[in-house]
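Please examine the sequence and the three-dimensional model shown here, and keep both in view while reading the explanation that follows.

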Amino acid sequence: MARPAVAEIDLDSIRANFRLAASLAPGSNTLAVVKADAYGHGATRVAHSLAAETGAFAVASIEEALTLRQAGLTHPILLLEGFFEASELAIIPREGFWAVVHNQEQLEQIADAALSGPLTVWLKVDTGMHRLGFAPDQAVTAYRRLQSLPQVARVVVMSHLANADLQAAEGISVANQIERIPAELRAPDVETSVANSAGLLDHEPARQAWQRPGIMLYGASPLEKDSPHSRRLQAAMTLKSRVIATRWVEPGEQVGYGARFVATQRCRIGTVAMGYADGYPRQAIEGTPVLVDGQRTRLAGRVSMDMLTVDLTHLPDAGTGSEVELWGKCLSANEVAACCDTIAYHLFTGITQRVPRVYRGG
Ligand SMILES: *Cc1c(COP(=O)(O)O)cnc(C)c1O
């Protein structure tokens with residue numbers, strides 16, 4: 001028998017989530033963000049399953065974009081960080097990729113390039129995130145310059161939201177970020193794009209010409225507090241395994257490394273084939289929820305490389321072979337992430353190659 005650790009990926013759910021995303025901003029364009037191997041779900045499988053739904057994809061690098069091309073996808077593919085070196089500029093128009101332009105160096109490299117075809121560029125404006133983008137007071141000049149270049153066919157203006165997921169007025173607000181885009185670039189004839197999943201789910205003003213949802217396609221809400229829309233998302237990845245051994249442990253005995261769990265009463269421990277080398281976080285605290293045969297129980301002891309241990313004392317019917325869900329359809333990745341001091345994005349992208357992806361639907 002094969003090791004039972006698998007990530008089941010429900011392509012129908014991803015499609016339903018995409019349709020929900022697109023329905024939130026009717027009459028506009030919604031591209032599917034499939035960077036980082038579609039947040040760990042498998043970029044080519046996910047992209048094929050969305051091929052008839054979306055007009056474009058977005059990824060983080062030209063390597064990720066070329067992987068989609070080699071898999072036969074013909075859509076425009078937006079490179080969210082643009083190009084890292086000028087040599088990529090020969091490939092971008094030839095392959096039908098779109099490039100973010102976030103600094104003056106990239107702009108000059110385009111101006112100096114002899115290109116095989118006209119480029120679509122997304123001009124990134126830094127409205128408060130302070131990672132990438134032109135400062136607002138330089139953005140109009142950059143926009144006009146790009147529009148004047150013979151190499152450039154089309155300019156979309158974009159910005160990225162820093163706090164759209166938060167409830168409290170911590171940091172810069174969505175409204176404030178949008179206001180920092182120069183008025184000239186918010187004119188009706190300029191195509192703009194602001195919304196990530198959180199913006200799209202929860203902030204009407206962020207819904208502009210292009211939406212860029214990522215995490216919501218995979219069924220995890222980015223919002224600190226769920227909303228009516230986010231409650232409709234369907235978890236796409238179910239991380240599963242099985243109990244491979246059980247034993248009774250006497251009071252005073254420890255389970256696993258470092259004696260984090262010491263039995264205070266006689267208890268029954270199940271050992272599960274899933275560890276941090278699979279991407280299940282070692283940071284998971286004592287008591288992190290786990291489902292065994294669909295019933296909630298808790299992590300008991302530290303996660304090790306290939307195994308973790310759960311409390312089965314109150315689940316007498318569970319035993320070797322019992323099915324374990326670490327997160328997914330019945331246990332939200334957000335709830336597990338909160339026990340690991342992280343976010344669902346990190347859980348999904350952390351699942352390693354050792355875990356086979358098994359696809360359903362499509
Ligand atoms: C990753 C990314 C997105 C998608 O963000 P989610 O929070 O996953 O929806 C959108 N825009 C940019 C620029 C990104 O890098």
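**A guided reading of the model**

Aspartate 293 lies in the loop between strand 15 (289-292) and strand 16 (295-298). Here helices (H or I, at least four residues) and strands (E, at least two) are DSSP runs, numbered from the N terminus. The structure is a predicted model, in which local features need pLDDT of at least 70 and side-chain atom pairs count only at pLDDT 80 or more, while totals for chains, interfaces and linings use all residues. Residues are numbered from 1 along each chain as its sequence is written, and side-chain values use heavy atoms, with hydrogens and water left out.

The backbone of aspartate 293 deserves attention: its phi is near 50 degrees, a positive value in a residue other than glycine. Most residues other than glycine have a negative phi. With a relative accessible area of 40%, aspartate 293 is partly exposed; buried means under 20%, exposed over 50%, and partly exposed in between, with a 1.4 Å probe and protein chains only. Alanine 36 also has a positive phi near 50 degrees, although it is not a glycine. This alanine, however, lies in helix 2, where it is partly exposed at a relative accessible area of 35%.

The whole protein can now be considered. It has eleven helices and 19 strands, and its C-alpha atoms fill a box of roughly 75 × 45 × 35 Å, taken along the principal axes. Of its 362 residues, 54% are buried. The protein exposes about 15,500 Å², of which carbon and sulfur atoms supply 49%; accessible areas come from the Shrake-Rupley method with a 1.4 Å probe, and for residues only the protein chains shown count as cover. Among contacts (heavy atoms within 4.5 Å) with a separation of 6 or more, 65% are between residues 24 or more positions apart.

Glutamate 8 provides an example of such links along the chain. This residue lies in strand 1 (residues 6-10) and counts as buried, because its relative accessibility is 15%. Not counting residues up to four places away in sequence, glutamate 8 touches Ala236, Met237, Thr238, Lys240, Val358 and Arg360. Its side chain also makes a polar contact of 3.1 Å with the side chain of arginine 360. A polar contact is a pair of N or O atoms within 3.5 Å; within protein, one must be able to donate a hydrogen and the other to accept it, and residues adjacent in sequence count only if both atoms are side-chain atoms.

The UniProt record, an unreviewed entry, assigns residues 236-360 the annotation "domain: Alanine racemase C-terminal". UniProt positions are given in the numbering used here, feature names are shortened, and annotations may be inferred rather than shown by experiment. Over residues 236-360 the chain is 10% helix and 35% strand, and the end C-alpha atoms are 10 Å apart.

The unreviewed UniProt entry also gives the annotation "active site" to Lys35 and Tyr257. These residues are spread over 223 residues of sequence and are also spread in space, up to 35.4 Å between C-alpha atoms.

Tyrosine 257 is placed in the loop between strand 12 (254-255) and strand 13 (261-262). It is classed as exposed because its relative accessible area is 60%. Apart from residues up to four places away in sequence, tyrosine 257 touches Arg302 and Ser304.

Lysine 35 has its place in helix 2 (residues 35-40) and is partly exposed, at a relative accessible area of 29%. Leaving aside neighbours within four places in sequence, lysine 35 is in contact with Ala58, Val59, Ala60, Glu64 and Leu80. For "modified residue: N6-(pyridoxal phosphate)lysine", the unreviewed UniProt entry lists Lys35.

The ligand is surrounded by 13 residues, of which the closest are Lys35, Tyr39, Ser197, Ile215 and Tyr345; a residue is near a molecule if one of its heavy atoms lies within 4 Å of it. An N or O atom in the side chain of lysine 35 is 2.7 Å from an oxygen atom of the ligand. For tyrosine 39, a polar side-chain atom lies 2.5 Å from an oxygen atom of the ligand, and serine 197 likewise has a polar side-chain atom 2.5 Å from a ligand oxygen. On its own the ligand has 390 Å² of accessible area, and the protein covers 92% of this.
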